[in-house]
Amino acid sequence: MASITALGVGSGLDLSGLVEQLKAAEQQKLVPILQQKSAQQTKISAYGRLESAMDRVQTSIAALNDASTFKQQKSTVTGDGVLATAGETANAGRYEVTVTQLARSGSAASNSVALDQELTAADATLTLEFGAGGTQTSYDVAISAGSTLADVRDQINADKESGVTASIVNDGTGYRLALSSKETGQDASLEGFSGLASLTMDAATQRSGQNAELNVNGIAITSKTNRVEEAIQGVTLDLTAASGDPVTLVIERDEESLRGAIDEFVKNYNEMKSTVGRMTAYNGEGETSGELVGDRTVRTIEDRLRRDITDNLGTGDITRLSQLGIAIDEKGRLKVDEDKLDDAVANNPEGLAAFFAGDTKEGGFAGRLNATLESITAEDGIIQSSVTSAEQRVDSLDVRKLRMEASIERSTERYRKQFGQLDGLIAQMNSMSSYLSQQFSMLGNMQKSN
C-alpha cells in the first residue's frame, strides 16, 4: 500500500485541522505565563514613573534644605543705567546711585603701512606702556625678524600676558596695527608702544582707559570695571550708562522666592501622591485599574513619607508642618492655609530656616525627608530593588515560556504522529472494506448465476 504523505488523505478526515486545534489548546498553557510577564513589565514601567515623581519631590526639597533660600534678598531699580543683584548678605535699605562715568579700556593704533611690508630686519622688542594718570608699567613682546604687520599682530595675540588684543585696520590708504587693552580702568590703559622703527604709534589715535565713577548716597566711588561689587554690602552693581541722573535702588527680603520654594515642594509632593493614587486605584468590582494595587513597595514608601510629614521635629518654635498652615488631607495630599503660610514667610524667616534646613544636612525637616527619599530612589534603594526583583521574575518567566513552547511543540509532534498512524490504519481498513465489498458482490453474482 502506498505511504500517506498528508494527514487525512487516507481517511478522508480533517486530521490536520484537528492537530491545529489540539495545538491551540496546548498553547493556552502559555497564557498564564504571558499574563504574569505582562504584569511584571507593567510594574517595572510603573516603578519608573513613581521614581520620576519622587525625584521631583527630592529636587524641590533640596532648595528648602539650603539655609541661603531663607536669606535671599531682591533688588528693585528705578531708573536707567544701573542693574543690581542682591546676595544673601545684603542689608535691606534704600540707596540713591548716580553714575557719572563708565569704565573703559585704552586703545591706540600705529602709522599706516603696506600689508606685506617687512617691519624689522632683525629680532626686535615691541614695548607696551600702561597706566593712565597713575603708576606706569610696561611689557615687552618679542617680534621675529622679517615680520609683516600680520606677523606682529599674531605674535602679540599669542602672548597671553601682553595685556592687549591686536587687530589690523584698513584706513583706505594702508593698514594699521590697532591695539586695545584687555581690561578696563586707568591702571590697565594702553598709553603707548614703541620698539619698531617702521611701526610707530599715531598719537592722534590714542584713547586712554578710565575708571567708572559713581556716587552712592553721597559717597563717591571709583571702580576699574563696570561691575562694582560690595560698594553696597552683598550687592553687585552693573553699570550700563552714565547719565548723571540718580537711580533709586531698594534692597528687601525676597519673600516671593521663599514662598515659591515652599509652593514648589507642595506641588511636587501632591503630584507624587496623585501618581501613587492612580497606580493603586481599585474600582471595587473585582478588577484592578492601577498597576501597583496592593504593592508592598508602595505601602512602605507611603508609610515612611507620612511619618516624615507628620512627626514632630526638634524643639524650636516650629516643630510641625501644620504650624505653617500645611496639613495632610483625607487623600494624603498637602493642603495649604495661604494666610497662615504667608504670615510665617513674612514674619518668621528664621523659624522657617531652623525648621526646614536645621543646623546640619539632615537636621531639619527637608534633610530628614531628603534622607528618606534618597533611601527610596537611590541605586540600591527600595524602588530599584523592586525593579530588579521584577526583572528577575520576567527572566524566569521567559525561561518557563521557552520550556512550555518546547513542550507544546513535542506534544503537537506526538499528535501528528499518532494521527498519521490512525490515518494509515483507517486507510487500510477502508481498503479492506472495499476489497471485501467487491468479493461479496462477486459471490452474490455467482450465486444468482447458478
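In what sense do β3 and strand β11 (residues 212-216) pair, and over how many bridges? The pairing of β3 with β11 is antiparallel and runs over four bridges. Two strands count as paired if DSSP finds at least two bridges between them. Helices (H or I, at least four residues) and strands (E, at least two) are DSSP runs, numbered from the N terminus.

The model is predicted: local features need pLDDT of at least 70, side-chain atom pairs count only at pLDDT 80 or more, and totals for chains, interfaces and linings use all residues. Residues are numbered from 1 along each chain as its sequence is written, and side-chain values use heavy atoms, with hydrogens and water left out.

Strand β3 covers residues 93-101 and includes Thr-98. β3 belongs to an open sheet of five strands, in the order β1-β15-β3-β11-β12, with antiparallel pairing. The edges are taken by β1 (73-78) and β12 (219-223); each has a single partner strand, so one side of each is left without a neighbour in the sheet. From one strand to the next the twist averages 30°; axes are lines fitted to C-alpha atoms, for helices over the stretch in contact, and angles run from 0 to 180 degrees between N-to-C directions.

On one pairing of β3, the partner is strand β15 (residues 246-253), joined to β3 in the antiparallel sense over six bridges. Here Arg-94 stands opposite Val-250 in β15. Val-250 is also the bridge partner of Thr-76, and β1 and β15 run antiparallel, joined by six bridges.

Is Thr-98 buried or exposed? Thr-98 is buried, because its relative accessible area is 16%, and buried means under 20% (exposed is over 50%, partly exposed in between; 1.4 Å probe, protein chains only). Apart from neighbours within four places in sequence, Thr-98 is in contact (heavy atoms within 4.5 Å) with Glu-213, Leu-214, Asn-215, Gly-244, Asp-245 and Pro-246. In a regular strand the side chains alternate between the two faces of the sheet.

## The four-stranded sheet

A second open sheet has four strands in the order β7-β8-β4-β10, again with antiparallel pairing. Its edge strands are β7 and β10 (201-207), each of which pairs on one side only. The twist averages 25° from one strand to the next.

Strand β8 (residues 175-181) is mostly covered, with five of its seven residues buried. β8 pairs with strand β7 (residues 164-170) in the antiparallel sense over seven bridges, and with strand β4 (residues 107-110), also antiparallel, over three bridges. β7 and β8 form a hairpin with four residues between them, and Gly-172 in the turn has a positive phi of about 100°. Asn-170 stands opposite Tyr-175 of β8, and Val-164 stands opposite Ser-181 of β8. Helix α3 (residues 149-158) packs on this sheet, where α3 touches β7 and β8 and its direction makes about 160° with that of β7.

| Helix pair | Angle | Distance between axes |
|---|---|---|
| α2 (residues 31-64) and α8 (residues 365-377) | about 155° | 9 Å |
| α5 (residues 296-310) and α8 | about 175° | 10 Å |

α2 and α8 are therefore roughly antiparallel to each other; angles under 35 degrees count as roughly parallel, over 145 as roughly antiparallel, 65 to 115 as roughly perpendicular and the rest as oblique. α2 passes α8 in a left-handed crossing, a term for a near helix turned anticlockwise from the far one by less than a right angle (right-handed if clockwise). Among the residues that make this contact are Met-54, Val-57 and Ile-61 of α2 and Phe-365, Leu-369 and Leu-373 of α8. By class, the contact has nine nonpolar, three polar and three charged residues. Ala, Val, Leu, Ile, Met, Phe, Trp, Tyr, Cys and Pro count as nonpolar, Asp, Glu, Lys and Arg as charged, and the others, Gly among them, as polar.

α5 and α8 are therefore also roughly antiparallel to each other. Their contact includes Ile-301, Arg-304 and Leu-305 of α5 and Phe-365, Arg-368 and Leu-369 of α8. Seven nonpolar, two polar and three charged residues make up the contact of α5 with α8.
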